[in-house]
Amino acid sequence: MTEPAPLHPIEKAILTTLTASGENKIGLEELASKSSHSIDQVRRGIEWLKAKELIRTEEKELTRFSLGEEGQTVAKLGLPERKLVNLIRNSGGTIDLSTAAKSLGAEFAIALGRSKKNDWVIVKDDRISLTSKAEEKEPEEIILERLAAVPSIAQEDLTGNEIESLNDLRKRRESFVRIGQSKSVAVGLTVQGKSLATSVNPNEIDAITPKLLQSGEWKSKSLRALDVTSPAPKLYGGRRHPMRMFMDEVRETFVSLGFEEIFGPISQSALWNFDALFIPQEHSAREMQDTFYVSGLRANLSDFKDHIKAIKSVHETGGNTGSAGWQYRWREEEAARVVLRTHTTAVTISYLAKNKPEEARVFSVGRVFRNEKANYKHNPEFFQIEGVMVGEKVNLRNLIYVLSKFYAKLGFNEIKFWPTYFPYTEPSIQTMVFIKETQRWMELGGMGIFRPEVTLPLGVKNPVLAWGLSLDRLVMLRYGASDIRQLFGANLDWLRNLQVTKV
Ligand code: PHE
């Protein structure tokens with residue numbers, strides 16, 4: 001036989017109490033009072049013992065009696081016949097019939113009838129007098145008192161006579177006594193329970209106290225064993241949001257590849273978000289249904305006069321880039337509109353315009369906004385991982401190499417690079433990852449080499465390798481989220497139980 005699990009003091013108390021009551025099953029209330037524990041403690045203990053098959057419980061449907069509202073009043077004031085007896089006693093043991101009748105009103109007839117039947121009074125010459133029997137209680141009074149003292153009584157705790165008296169009370173007025181049903185639990189020992197109960201040591205102690213140590217008493221006591229395998233409530237400490245954790249991982253990865261982080265504002269002029277990227281002013285991406293404009297705001301572009309001149313000319317005619325441009329009239333008012341950045345490329349571009357680097361390796365991570373309907377893979381706001389490498393000799397192979405390295409460091413090895421189109425890069429590439437669950441390719445981001453139409457007006461002479469990647473989709477893949485909205489929601493269960501180590 002395997003060693004039985006250590007018993008909790010409540011369990012011991014229950015077993016001992018049950019043993020003391022012999023073969024009988026006993027009810028929950030009785031068990032609680034006899035074992036000196038609360039009903040709740042006993043209920044818990046019963047569940048534990050049941051799981052160990054040491055006790056058995058039986059549910060019984062019980063009929064219970066209790067006093068109705070009128071029953072409570074009558075218990076306090078007395079039944080009519082008792083009222084009559086009290087009246088007579090107060091007037092010295094005898095009273096005029098007519099005085100009594102006036103005093104008791106409508107109850108008089110019944111009061112007199114019952115008192116006579118009980119031999120409590122005798123009537124003679126229009127006077128009522130008490131007999132010595134008037135001090136004896138009638139059965140209906142007795143049961144009324146009993147019921148008044150407790151919330152309710154179960155039928156099985158009443159004698160046949162008592163039940164009869166209850167019925168008599170109900171015959172007087174049904175609403176005196178309420179009848180209800182309730183469930184009760186009776187508890188008894190199983191065979192294993194019986195044999196274990198005899199070996200229960202009620203003197204085991206739960207904890208060593210300073211007192212026990214000082215007195216040396218602990219030496220003669222045995223300590224209760226603890227079951228360290230029993231389930232305990234889970235505790236959740238505070239933790240960073242998976243998006244934040246992943247962002248930091250992205251940062252570390254780029255830093256480990258020799259990059260430096262740059263930052264930029266969330267709202268931008270269209271100049272940096274669109275125009276400097278050689279995106280024509282009628283381009284569909286600029287329209288309201290794709291882009292959030294900040295209404296009533298115009299950017300102050302007075303610091304960028306030279307840039308504006310060069311950008312205008314490259315849009316209109318290609319300027320000195322060798323390109324023909326887009327052949328339309330470029331307007332500065334359009335470039336001064338303020339947008340919630342639709343991509344972090346705006347951060348890169350203003351960095352390039354400001355620093356005109358000959359060589360650089362920079363990245364940024366930030367939130368971007370697009371006026372799109374939310375679905376499982378699109379959200380109107382999401383995060384991008386952006387960056388550039390500038391250098392005299394950088395080329396497409398370097399770009400693919402660095403980004404493959406980046407993805408591999410984050411644990412994504414099955415990445416493909418496909419040709420695509422962006423107005424500001426040539427060639428343009430997109431990265432895709434294959435999702436086994438849906439058997440589909442999912443786009444992770446875009447990249448390419450900035451066109452001369454982008455870099456020359458900014459004063460950057462060397463080639464610029466650029467990329468803008470989705471952060472959210474990587475987080476989804478990493479943490480197995482099937483819906484991008486999950487990342488922005490408050491599903492605590494998911495957040496708490498997320499495994500954060502790399503898989
Ligand atoms: N800005 C593009 C996007 O938001 C990504 C990109 C960045 C493409 C840089 C090429 C170069 O999807």
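View 1. Ser36 is exposed, since its relative accessible area is 63%, where exposed stands for over 50% relative accessible area, buried for under 20%, and partly exposed for the range in between, computed with a 1.4 Å probe on protein chains only. The model shown here and in the other views is predicted, so that local features need pLDDT of at least 70 and side-chain atom pairs count only at pLDDT 80 or more, whereas totals for chains, interfaces and linings use all residues. Residues are numbered from 1 along each chain as its sequence is written, and side-chain values use heavy atoms, with hydrogens and water left out. Ser36 sits in the loop between H2 and H3, and its phi is positive, at about 55°, although Ser36 is not a glycine. Helices (H or I, at least four residues) and strands (E, at least two) are DSSP runs that are numbered from the N terminus.

**View 2. Phe278, a buried residue with a positive phi.** Phe278 also has a positive phi without being a glycine, here about 60°. The loop that holds Phe278 runs between helix H13 (270–273) and strand S10 (293–298). With a relative accessibility of 3%, Phe278 counts as buried.

**View 3. The open sheet S1-S7-S2-S6.** Four strands, in the order S1-S7-S2-S6, form an open sheet with antiparallel pairing, two strands being taken as paired if DSSP finds at least two bridges between them. S1 and S6 each have a single partner strand and stand at the edges, so one side of each is left without a neighbour in the sheet. S2 and S7 run antiparallel and are joined by 13 bridges; within this pairing, Glu59 stands opposite Val185 in S7.

**View 4. The second largest pocket and its lining.** This pocket holds about 510 Å³ of space, and of the 24 residues that line it, Gly27, Leu28, Glu29, Ser184 and Val185 are the closest to its centre. A pocket is an open set of points on a 1 Å grid over the protein atoms alone, with protein on both sides within 12 Å along at least five of seven lines, and its lining residues have an atom within 4 Å of a point. Grid points are joined across faces, edges and corners, and the volume is the space filled by probe spheres set on the points. At least two lining residues come from each of strand S1 (26–27), helix H2 (28–35), helix H3 (39–51), strand S2 (55–67), strand S6 (153–154) and strand S7 (177–189), with S7 giving the largest share, 5 residues. By residue class, the lining divides into 8 nonpolar, 5 polar and 11 charged residues, where Ala, Val, Leu, Ile, Met, Phe, Trp, Tyr, Cys and Pro count as nonpolar, Asp, Glu, Lys and Arg as charged, and the others, Gly among them, as polar.

**View 5. Helix H9 and its two faces.** Helix H9 (residues 160–172) has 13 residues, which at 1.5 Å a residue should span 18 Å, and the distance of 19 Å between its end C-alpha atoms agrees with this; the expected span is 1.5 Å times one less than the number of residues. Glu162, Ile163, Ser165, Leu166 and Leu169 are the buried residues of H9. They cover an arc of only 160° around the axis, which puts them on the same side of H9, the arc being that of the directions from the helix axis to the C-beta atoms. The face turned away from this buried side carries the exposed residues Gly160, Asn161, Glu164 and Lys171.

**View 6. Strand S13 between two pairing partners.** In strand S13 (residues 381–390), 9 of the 10 residues are buried, so that the strand is mostly covered. S13 pairs in the antiparallel sense with strand S12 (residues 360–369) over 10 bridges, and Ala360 stands opposite Val390 in S13. S13 also pairs in the antiparallel sense with strand S17 (residues 464–470), over 7 bridges, and the bridge partner of Glu386 in S17 is Gly468.

**View 7. The cis peptide bond at Pro427.** The peptide bond from Glu426 to Pro427 is cis, with omega near -5°. Pro427 belongs to strand S15 (residues 425–435).

**View 8. Gly480 in the loop between H19 and H20.** Gly480 lies between helix H19 (472–479) and helix H20 (492–497), in the loop, and is exposed, with a relative accessible area of 58%. From Gly480 to Leu28 the separation is 452 residues in sequence and 48 Å in space, C-alpha to C-alpha.

Methods. 1 Å grid on protein atoms, 1.4 Å probe; cavity = no way out; pocket = protein on both sides within 12 Å on 5 of 7 lines; lining within 4 Å.
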